[in-house]
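Q: Please take a close look at a single part of this model and describe how that part is packed.

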Amino acid sequence: MNDDKYMEIAIEEALRGKGKTLPNPSVGAVIVKNGKIISTGFHEKAGMPHAEAVAIEKAGKNARNATLYVTLEPCNHYGRTPPCTEKIIEAGIKRVVIGVKDPNPVASGGIERLEKSGIKVTIGVKEKECRELIDDFTVLIKKERAFCSLKLAITLDGKIAKKDGSSKWITGEQSRQLVHRLRAIHNGVMVGVGTVLKDDPLLNVRLVSTEKQPKAVVVDTNLRIPVHARLVKERAKELVILTTERALLSYKSGILKDLGVTLIPIEENKTGIKMESALKSLKEIGIYSIMCEGGSKLAYSLVDKNLIDKFYLFYAPKFFGEGIPPLKGGELYRKVSIFDIEPVGDDFLIKAYPEES
């Protein structure tokens, strides 16, 4: 039970860096001795000391014969920072409790190194929660593209907007605030150009505090975005438009570039741009995790191609009858594994991962 308790604290530490550490994972650590917490630490951002190193530095000599709780297997390689396994051994830690193994083959091997040095290692404490902490990092490593989540606000009868396209507000204030927290832990927020034309959104974080705003990403095959859109007028330098080579030849592309907008040409298919190529291109410019917020055609194209890595489905206690479904584009069949269901004010949130096909 104590292992669970201290790992929960390590998870809370890791969450302080969530969204800021990519392309590194979010990691938290706690050092405990004689039933008391000696120190805590978390990884702030890439290039900064790892969570274990921060906690060991804070603990100093008190780390000797203590227990280290860490959400992710300590690294065992020289990267931008020295291997954490060596710091743990040098500090005299007697036991290490690990949430989840490292999915990165380059950094793995930490468990074996610690055990070889005589340190007792326990693996898999709060594994489910620790695995969620690094879901974005895992996709970066295994799929070599940006992590992509899908957020939908849905009525109980399965609609994301009324028949006329209006959708403000399906969910309540607490859900909207949580969405802004989710935006803050992603590097980018993505919509289709239809959403821009209809809602004129800013796609930024406003309802909670954040150190850095996510990039705004718009899928716009034919550059239909108006130059007077708020995204262009107020966030041009933070705006990325995924478009086509032919659209770059247009007069409007020159205007948008002059305003500071980033235009990325993506290869096309029969229904628009290839979204898997788009997610790889986003990773190349440092957008490692992105949350899609609509519309229904873009959401369908991502689900259809198995490109959604996590679902955030907010259900509100309402019925629309006629209206717009969450996914619009044709028939498909996909299974998901529900990770968690939690009440959010009068709404409830389902978090789910796609089942591997």
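Q: What covers the buried residues of α3?

A: This is a predicted model, in which local features need pLDDT of at least 70, side-chain atom pairs count only at pLDDT 80 or more, and totals for chains, interfaces and linings use all residues. Residues are numbered from 1 along each chain as its sequence is written, and side-chain values use heavy atoms, with hydrogens and water left out. The cover over the buried residues of α3 includes α2, β3, β4 and α4, where helices (H or I, at least four residues) and strands (E, at least two) are DSSP runs numbered from the N terminus. The buried residues of α3 are Cys84, Thr85, Ile88 and Ala91, buried meaning under 20% relative accessible area with a 1.4 Å probe and protein chains only. They lie on the same side of α3 because they cover an arc of only 135° around the axis, the arc being that of the directions from the helix axis to the C-beta atoms. Just after α3, Gly92 takes a positive phi of about 85°.

Ile88 is also among the residues with the most contacts inside the largest nonpolar core, which has 36 residues; such a core is a set of buried Ala, Val, Leu, Ile, Met, Phe, Trp, Tyr and Cys residues joined through side-chain atoms within 4.5 Å. The elements that give two or more residues to this core include α3 (84-91), β3 (67-72) and β4 (95-100), while its largest share, five residues, comes from α1. Ile93, not counting residues up to four places away in sequence, touches Ile31, Ala63, Asn65, Ala66, Leu68, Ile88 and Ile119, contact meaning heavy atoms within 4.5 Å.

Conventions:
Buried < 20%, exposed > 50% of the residue type's maximum accessible area, 1.4 Å probe, protein only.
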